[in-house]
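Okay, thanks for coming, everyone.

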Amino acid sequence: MTDWPFVLAGWGVILGGAGAYTLLLLRRLRNARQASLAIRRAADEPAPRERE
Amino acid sequence: MKTRILGAVALLAVIAAAVNALLIVPADLNQGDAQRIMYVHVPSAWLGYLSFGVTALAGIGYLWRRDLRLDAVAVSAAEIGVMFTAFAIWGGMMWGKPVWGVYWQWEDPRLTTTALLLALYVGYLLFRRLTDDPARRAARAAVVGIIAAIDIPIVHFSVEWWRGLHQRATFGSPDKLLNPAAPAQFVIALVAMVVAFTLAWAWLMIRRYQLARIEWQIEEHGRLGRISAARRAAVAPQAPAAQAPAEEAAP
């Protein structure tokens with residue numbers, strides 16, 4: 001039973017770390033998609049007329 | 001949709017393999033429960049190798065084809081590989097303390113070369129930040145990724161070439177894989193975890209690749225914006241100078 005703290009620390013950091021990385025990756029992906037969409041929308045808008 | 005299905009399958013596989021490894025498979029006679037750490041340590045180490053191998057192959061592909069999609073594959077694999085190599089080192093340390101009596105020993109070739117591998121690919125990720133020109137960055141990173149991959153066989157065969165604390169390779173040869181020394185229940189649990197982790201790796205790779213492609217598009221848009229702004233700025237100072245005499249002449 002004395003080895004269980006090591007087992008839990010090993011598994012906890014690995015599975016917890018992988019889970020945290022996954023959530024962070026999905027957040028980065030969502031933010032990047034929003035930024036990309038904003039750029040595309042801005043590009044689709046008609047260009048403002050130049051001042052005369 | 002297919003990626004979502006892969007993600008769900010990977011998650012279920014990891015949960016099932018983890019329940020089996022932690023609660024169903026009996027403790028090892030000699031190592032006790034500490035041996036259960038091997039079920040996450042070995043897959044993490046395998047995925048570190050796989051990731052850095054993919055980075056090197058994608059780097060070779062980039063230098064050959066000059067296709068930035070291959071650079072996106074390379075950076076995705078490197079980032080995920082750094083994570084899994086760090087996990088392998090952590091798992092090894094947590095196993096090492098109860099079994100060897102130490103968390104770490106610098107004299108051990110496997111441990112030291114693995115730490116070097118991690119440092120090399122952290123360096124690879126940092127090196128990519130030195131330039132914002134995508135083609136130049138991809139070419140330089142490809143060379144670094146290929147050179148760093150030389151350490152992969154050194155890590156793997158270090159336990160055969162030099163003496164240290166670390167035991168010999170788990171999957172050292174096809175014969176060892178087909179006729180394992182450990183009981184079937186232990187081997188099945190380990191293989192199940194390797195398969196589950198590899199499925200999760202594939203899903204992470206797809207998502208990280210998608211991110212790399214979008215980041216590249218945003219970066220390219222920003223770069224083009226800066227170039228056109230610089231061109232406008234180069235033309236702009238001439239306009240007030242041309243208008244100045246007209247303003248002075250006005251009453």
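Predicted model: local features only at pLDDT ≥ 70, side-chain atom pairs only at ≥ 80, totals over all residues.

As for the helix itself, α5(B) runs over residues 134-148, which is 15 residues. From first C-alpha to last, α5(B) reaches 20 Å, close to the 21 Å expected at 1.5 Å a residue.

Okay, on to α8(B) and its partners. One of them is helix α1, residues 2-24 of chain B, and the pair packs at an angle of about 150 degrees with the axes 8 Å apart. At that angle, α1(B) counts as roughly antiparallel to α8(B), because the cut-off for that is anything over 145 degrees. The crossing of α1(B) past α8(B) is left-handed. On the α1(B) side, the residues making the contact include B:Leu6, B:Val9, B:Ala13 and B:Ala17, and on the α8(B) side they include B:Ala192, B:Phe197, B:Leu199 and B:Trp203. And what sort of residues are they, by class? For α1(B) with α8(B), we get 18 nonpolar, three polar and no charged.

Next up is α3(B), which also packs on α8(B): here the angle is about 130 degrees, and the axes are 8 Å apart. That angle makes α3(B) oblique to α8(B). The crossing here is right-handed. If you want to click on some residues, α3(B) brings, among others, B:Leu68, B:Val73, B:Glu79 and B:Ile80, and these meet a set in α8(B) that includes B:Trp201, B:Arg208, B:Tyr209 and B:Trp216. By class, this contact has twelve nonpolar, one polar and three charged residues.

Last stop, the other chain. How many residues does each chain put into the contact? It's 25 from chain B and 20 from chain A. On the chain B side, the elements giving two or more residues are α2 (38-65), α3 (68-100) and α8 (184-235). The most comes from α8(B), with ten residues. Split by class, that side of chain B has 13 nonpolar, six polar and six charged residues.

Definitions and conventions: Residues numbered from 1 in each chain as written. Chains lettered and ligands numbered in written order. Contact = placed C-beta atoms within 7 Å. Helix = DSSP H or I, 4+ residues; strand = E, 2+ residues; numbered from the N terminus. Nonpolar A, V, L, I, M, F, W, Y, C, P; charged D, E, K, R; others polar. Expected span 1.5 Å × (residues − 1). Axes fitted to C-alpha atoms, helices over the stretch in contact; angles between N-to-C directions. Parallel < 35°, antiparallel > 145°, perpendicular 65-115°, else oblique. Left-handed = near helix turned anticlockwise from the far one by under 90°.
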